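Trainee: Before we open the model, could you take me through how its parts are arranged, one question at a time?
Mentor: Gladly; let us look at it together and begin with the domains.

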Amino acid sequence: MRKYENPSLKNFNTFGLDERAREVWVLETEEDVVTFAKDEAALNRLQLILGGGSNLLLTGPINGLVAHIALKGREILSQDDKHVLLQVKAGESWHETVRWTVENNFGGLENLSLIPGQVGTAPVQNIGAYGVELKDHFHSLDGVVLGTGERKTFTAEECQFGYRDSIFKHEWKAKFIITAVRFKLTVNDHAIRTSYGAIHAQLDEWNIAQPTIDDVSKAVIAIRQSKLPNPAEIGNSGSFFKNPVVAITEYERVKAEYPDVVAYPAGEGRMKLAAGWLIDQSGWKGYRKGDAGVHIKQALVLVNYGNARGAEVWDLAQTIIKDVHERFGILLEPEVNIL
C-alpha cells in the first residue's frame, strides 16, 4: 500500500482536472483492501473510491481520503471446448483486457474495445457499446465490505444490472470495493455482432465479409478513434450523458416533430434516444467556452481543452441539459459521476 498527502488528481482522472485530495491511498493487493476496509479512522476520512477516473467529473478539491484501486492480474480459472472462465483483477485496464481476450481468441467483449477505465469499475456502470453490455458476458465478482473487511461474491443476478446501472450505484454504493471480476467467454463459434452502429460499414470499407472477433474489435477501435478524443490529448470521460430511454409514445411525439430522430428499441414499449443526436440538433457540437467545450466530432463528449475547471464543465453540462429539455421535452442525465 502506498500513501500520498495532498497530491494532484490530474493523472487520476481522464478529464485531466487538476484538483487535489487531502490524501490518496493506493491499494495494490486484496490484503491492502481488507486492511483499509477495517481501518475505521481511514473510512471516516474516505471521500472517494477511485478506479481509472474515466467516469468522473471533479468539480472541486477532495477534502478527504481517496482510495485508488490498483490490483493487477488475469487468470484462466477453467476452460472447455465451448467456454472459458476468466478472472481479472480490478485495477487492470479495461481496453487492454479486452484486447488480451481477443488475442487469445476468447469471444464476447470485442464490441467493448477502447472503452476507458478499469475492470473493477466496469460492473458498477454496466458499461456497454455497439449492442453489447458487460452483463452479457459477466459471471460474478469478488470484493470486500467496507467496515468489516468481509470478502463477498456477487452473481450476475445479485448485481441487479440495468442500463448503465447496478446495485453498486444504489444499495452497495460506497460500501464495497470490487477486487476481481469474472467473465464467461466463448472459445469457438463466437457470436459476431456487426449490425449496431457503423461496425458493418467499417468492415465493408475494409472488404471483410466474414469478420473475426479481432476484426470487430479493430473496427470498433477505428470508429471510436474517428469520433472520440484521446484523453491523453484532450481531457474527457467519453460519453458524458446517458442515452435517454423513453416510452414509445414519447418517442412518437418527438419523431412527429423531428422525423430524423435517431433511436433504437429498448425493450417492450420503450425506445432509446441518441443523446448525441439531441445535443447536436440543439447546436452544441463544437461549442467552446474557455477550455470547457463539446467535442467537434461527437456532441455526446464534453472536453477539457487544457485548463478547464470541473465546475466549468458541469456548468456547461447543466446548460445543455436545460436546452435539450426545452427543445425536445427530454431530460438528459449524466453518465459520469459528479463530485
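Trainee: How far apart do the C-alpha centres of domain 2 and domain 3 lie?
Mentor: Keep in mind that this is a predicted model. Its chain is divided into domain 1 (2–69), domain 2 (74–226) and domain 3 (235–338). For domain 2 and domain 3, the C-alpha centres lie apart by 25 Å.

Trainee: With which residue does E335 form a salt bridge?
Mentor: Side chains of opposite charge can pair when their charged atoms come close. The structure holds 17 salt bridges, and the count between domain 2 and domain 3 is one. In the salt bridge formed by E335, the closest N and O atoms are 3.9 Å apart, and the partner is R164.

Trainee: Which residue meets the side chain of R74 in a salt bridge?
Mentor: The N to O distance in that salt bridge is 3.5 Å, and the side chain that R74 meets belongs to E92. This pair links distant parts of the chain, 18 residues apart, with R74 in strand β6 (residues 74–79) and, in the loop between β7 (83–89) and α3, its partner E92.

Trainee: Between which domains does the second largest pocket lie?
Mentor: About 450 Å³ of space lies in the second largest pocket, which is lined by 19 residues, those nearest its centre being L114, I115, P116, N230 and P231. The elements that give two or more residues to this lining are α3 (94–103) and α7 (213–227). Because two domains both give residues to the lining, the second largest pocket lies between domain 1 (2–69) and domain 2 (74–226).

Trainee: How many polar residues does the lining of the second largest pocket have?
Mentor: The lining of the second largest pocket can be sorted by class, which gives six nonpolar and two charged residues. The polar residues in that lining number 11.

Key:
Residues are numbered from 1 along each chain as its sequence is written. This is a predicted model: local features need pLDDT of at least 70, side-chain atom pairs count only at pLDDT 80 or more; totals for chains, interfaces and linings use all residues. Side-chain values use heavy atoms; hydrogens and water are left out. On a 1 Å grid over the protein atoms alone, a cavity is a set of points where a 1.4 Å probe fits but cannot get out, and a pocket is an open set with protein on both sides within 12 Å along at least five of seven lines; lining residues have an atom within 4 Å of a point. Grid points are joined across faces, edges and corners, and a volume is the space filled by probe spheres set on the points. Helices (H or I, at least four residues) and strands (E, at least two) are DSSP runs, numbered from the N terminus. Ala, Val, Leu, Ile, Met, Phe, Trp, Tyr, Cys and Pro count as nonpolar, Asp, Glu, Lys and Arg as charged, and the others, Gly among them, as polar. Domain bounds come from an automatic or database domain assignment. A salt bridge is a side-chain nitrogen of Lys or Arg within 4 Å of a carboxyl oxygen of Asp or Glu.
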